[in-house]
Amino acid sequence: MRASRGSEAEVEDRRQAVLRHVAQEGEIRIADLAARMHVSVMTMHRDLDNLHERQLLRKGRGVATAFSNVAMESALRFRENANVAVKSAIADALAQEVSPGDTVLIDCGSTLFPLARRLATVEGIRVVTNSLRVTYLLAAAPAEVTLLGDRFYEDFESCAGPQTRRQLQDIRATVAFVTATSVRDGRLFHPVREYAETKQAYLDAADRAVLAVDHSKFGRTATYPYGDVGGYDLLVTDTDTPESELRPVRDLGVEVRTVAVPTDDPHS
């Protein structure tokens, strides 16, 4: 078996893989997980103890069990640490859409956190967001930052609801960057109704709308459908996204830009 020790990044990558296996199967024996991940059962117990403490899955007697889809999608720390290299590559492409002096809308998806870090060096921009995390990332930046308020959802570290949507009606942005939890055949889905409606309000408040979605979000659905990708001007994703999912997007008249991820990145 492969040695169970490794760098912090390697351990976290393995735990993210474990979480994906459990999410896909719903419930799986710990011994089977250990064999699948080529680690000892003791190492797998440590990994599952960590994920259980972070409330990302349930560890029972001999088995690991997934939370509901809503709970999985609400686990910000899981989402933020997943596909880090992909999100970084997407952020490089998104940053090219911003110029000094722009008013930029950024929603609360973790895919956009690397973009917020890049925008911290752009002079003269105004950023409007419903994300507390994005606000913190831009705290020391020269940008003027406006945080939209409404009901605060701790799991998403952001606000959503009718008040947020009303505030967006009074804003005209140069560009809006929006993420999606799930995309299937060009249709958009989210597990929480308020966020589905808030994302649509972002779209309506900008001259240009850019959807940022990595390959892991395609081919999936969630509880609340909220239209399709056709309302966006540009979709930025990575080269692992299946062409079968990109074809319906192109058929809707949306430009698709795919980015390659460096293979030597330890998080890829």
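A reminder to myself before anything else: this is a predicted model.

I began with the sheet. I found an open sheet of three strands, ordered β1-β3-β2, and its pairing is antiparallel. Which strands stand at the edges? They are β1 (27-29) and β2 (57-59); each has a single partner strand, so one side of each is left without a neighbour in the sheet. I also noted the twist, which averages 20° from one strand to the next.

Next I checked how β2 is joined to β3 (residues 63-66). The two run antiparallel, with three bridges between them. I looked up Leu57 as well, and its bridge partner in β3 is Ala66.

Then I turned to what packs on the sheet. Helix α2 does, touching β1, β2 and β3, and the direction of α2 makes about 80° with that of β1. Helix α3 packs on the sheet too, where it touches β2 and β3; its direction makes about 130° with that of β2.

My last entry is on the two helices themselves. The axes of α2 (residues 30-37) and α3 (residues 41-53) come within 9 Å and cross at roughly 105°. Angles of 65 to 115 degrees count as roughly perpendicular, so I wrote α2 down as roughly perpendicular to α3. Which residues make the contact? From α2 I listed Ile30, Leu33, Ala34 and Met37, and from α3 Val41, Met44, His45 and Leu48. Sorted by class, this contact of α2 with α3 has seven nonpolar residues, one polar and no charged ones.

Technical notes: Residues are numbered from 1 along each chain as its sequence is written. This is a predicted model: local features need pLDDT of at least 70, side-chain atom pairs count only at pLDDT 80 or more; totals for chains, interfaces and linings use all residues. Side-chain values use heavy atoms; hydrogens and water are left out. Axes are lines fitted to C-alpha atoms, for helices over the stretch in contact, and angles run from 0 to 180 degrees between N-to-C directions. Helices (H or I, at least four residues) and strands (E, at least two) are DSSP runs, numbered from the N terminus. Angles under 35 degrees count as roughly parallel, over 145 as roughly antiparallel, 65 to 115 as roughly perpendicular and the rest as oblique. Contact means heavy atoms within 4.5 Å. Ala, Val, Leu, Ile, Met, Phe, Trp, Tyr, Cys and Pro count as nonpolar, Asp, Glu, Lys and Arg as charged, and the others, Gly among them, as polar. Two strands pair if DSSP finds at least two bridges between them.
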